[in-house]
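User: I'd like to go through the aromatic rings in this one. Can you take me through them?

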Amino acid sequence: MEEIKSDVFISFKNHDFEGRVTIDTKIGEEIYNELTSRNIATFYSNSSLLSLGQAVYKRAIDEALENTKVLVVVSSKKEFLESEWVKYEWESFHQDMLSGLKKHCQIVTVFSDMGRENIPRSLRDFQKFPLEARDYKAIADFVENALAAYNKKMQAAKAPTDDLTMLQAVNIVAKPTKKIRWSLYQSDSDKEYERLNIQAKNTHECDMSVLNKLIAGMDKKPIWILDLGCAYNFVGNMRFGKMDNVKVLGIDFSKKCIDYAKSHSDSNKFIFRIMDMESEDFEYVLKETMNELGIEKFDIMFGALLLLHLKKPVAVLKKLRKFLSPDGYIVMRGSDDGSVLALNDDGVIQQIVDKCNTTVGFSDRQNGRKLYHQLVSAGYVDVKVETFLKDLSGKSIDERDEIFFERFSYRVNNFEKISNADPTNKQKKDDYMFMKYALQELETIFSNQDFWYCEHDFIAIAKVRKPKTFDY
């Protein structure tokens with residue numbers, strides 16, 4: 001997971017000793033807003049991280065301080081300066097300055113008039129702004145100039161060219177991004193290649209328990225299969241690559257994935273086309289392709305973890321009905337975070353699940369329970385849903401790491417995209433920070449042999465015409 005970049009760290013006491021939100025919190029937030037409006041990467045502590053435990057919170061603080069060039073300390077009372085986390089932050093930063101680790105870095109104080117004698121000696125001689133003045137522009141001007149001076153001095157010292165400064169990193173992040181779709185998931189992301197391969201292996205038994213029965217009951221050759229959202233064709237090769245009596249049309253909207261699939265699959269068995277199932281011309285393009293290939297109808301339509309990424313899954317299912325043979329089957333596999341059970345994770349998994357389920361731009365993490373309803377609503381009949389348990393029982397540390405990688409690690413990617421698309425939005429940055437450190441903590445938990453976890457894969461089978469007797 002990538003580091004969270006921060007040029008500036010705002011240190012403040014969030015709640016007073018009676019649990020009330022402090023004025024320091026408000027002042028710190030206004031400084032944060034002014035700095036981020038100038039595209040200055042700023043760390044303004046996310047107190048929700050404490051729900052993951054103090055060890056995780058400290059790791060987040062340490063990582064942010066490691067990258068920080070300017071520390072802004074906000075305090076309305078002497079007692080707040082001596083509180084656990086505020087003191088840890090400014091004291092750690094100052095020690096790094098004295099040791100030379102924070103060469104050319106700065107500390108800025110935003111204090112009430114508490115008297116010089118009440119200010120820790122380490123902080124007395126740094127640039128001070130009166131808290132009551134609330135001159136956020138002046139504070140940001142000073143910080144911006146301090147960062148410019150830092151960069152100039154580092155360049156003069158001939159810092160390694162491949163070591164980007166934090167300010168440069170922010171400028172990269174702040175470039176215009178593509179419009180956010182309903183689901184930010186991208187199968188052709190570099191981060192997804194390895195995970196999708198592992199996922200194809202881990203779900204093989206689930207898929208084949210259904211596909212083997214269906215294909216064995218079909219007395220024809222070839223059996224035409226439409227693989228919906230085939231991506232790199234890891235799933236297709238593992239399921240259909242050794243079957244003699246099938247031909248597969250794999251479709252996906254990603255050119256990168258389709259190009260890879262073409263070069264890594266048997267061209268006598270697999271045919272690939274770029275198609276977007278939610279485009280207005282999808283039905284026309286699919287029909288033209290079927291005419292080109294001499295396909296009258298498909299015997300099996302198969303989609304693995306497809307519907308959860310679609311904006312209107314029922315509408316897509318309705319479009320597909322006309323292309324399925326009267327004696328054919330549609331098979332849809334889904335996932336559902338509601339099936340997750342865990343022991344000895346201190347509630348971390350539930351917090352991750354809740355955050356994913358309430359974040360706009362995330363795929364439908366409750367799709368498994370909806371498969372039956374979606375297929376029935378689209379006009380399919382004889383809908384049947386089966387579940388397949390996956391758990392950690394008897395798994396080695398390497399196998400546990402692989403399951404974590406497949407089922408959880410990728411979740412931070414969408415939060416990173418959402419935050420980068422709106423870099424001045426504190427809530428989105430907080431959510432990204434939370435997910436990053438929650439997943440780091442969960443990765444450690446997965447290695448513990450006393451930690452147990454399970455979840456189900458959901459797979460639905462349906463037809464377009466009701467037979468006299470259900471033949472599955």
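This is a predicted model: local features need pLDDT of at least 70, side-chain atom pairs count only at pLDDT 80 or more; totals for chains, interfaces and linings use all residues.

User: Where do F362 and F415 lie?

Analyst: F362 is in the loop between helix 13 (348-357) and helix 14 (371-377), while F415 is in helix 16 (residues 411-421). The pair therefore ties together parts that are 53 residues apart in sequence.

User: And F415, buried or exposed?

Analyst: F415 counts as buried, at 2% relative accessibility.

User: What about F404 and F408, how is that pair arranged?

Analyst: F404 and F408 are stacked, because their ring centres are 6.4 Å apart and their planes are at 15°; the cut-off for stacked is under 30 degrees. Both residues are in helix 15 (residues 397-409), four residues apart, so about one helical turn separates them. F404 is buried at 3% relative accessibility, and F408 is buried at 0%.

User: Which cluster do ring pairs link F404 and F408 into?

Analyst: A cluster that also holds F446, F451 and Y453.

User: New topic: charges. Which ring does K355 lie over?

Analyst: K355 lies over the face of F434, 5.2 Å from the ring centre.

User: And K436, which ring is that one over?

Analyst: K436 lies over the face of Y437, at 5.3 Å from the ring centre.

Definitions and conventions:
Residues are numbered from 1 along each chain as its sequence is written. Side-chain values use heavy atoms; hydrogens and water are left out. Helices (H or I, at least four residues) and strands (E, at least two) are DSSP runs, numbered from the N terminus. Buried means under 20% relative accessible area, exposed over 50%, partly exposed in between (1.4 Å probe, protein chains only). Rings of Phe, Tyr and Trp (its six-membered ring) pair if their centres lie within 6.5 Å; planes under 30 degrees apart count as stacked, over 60 as edge-to-face and the rest as tilted. A charge sits over a ring if NZ of Lys or CZ of Arg is within 6 Å of the ring centre and within 35 degrees of the ring normal.
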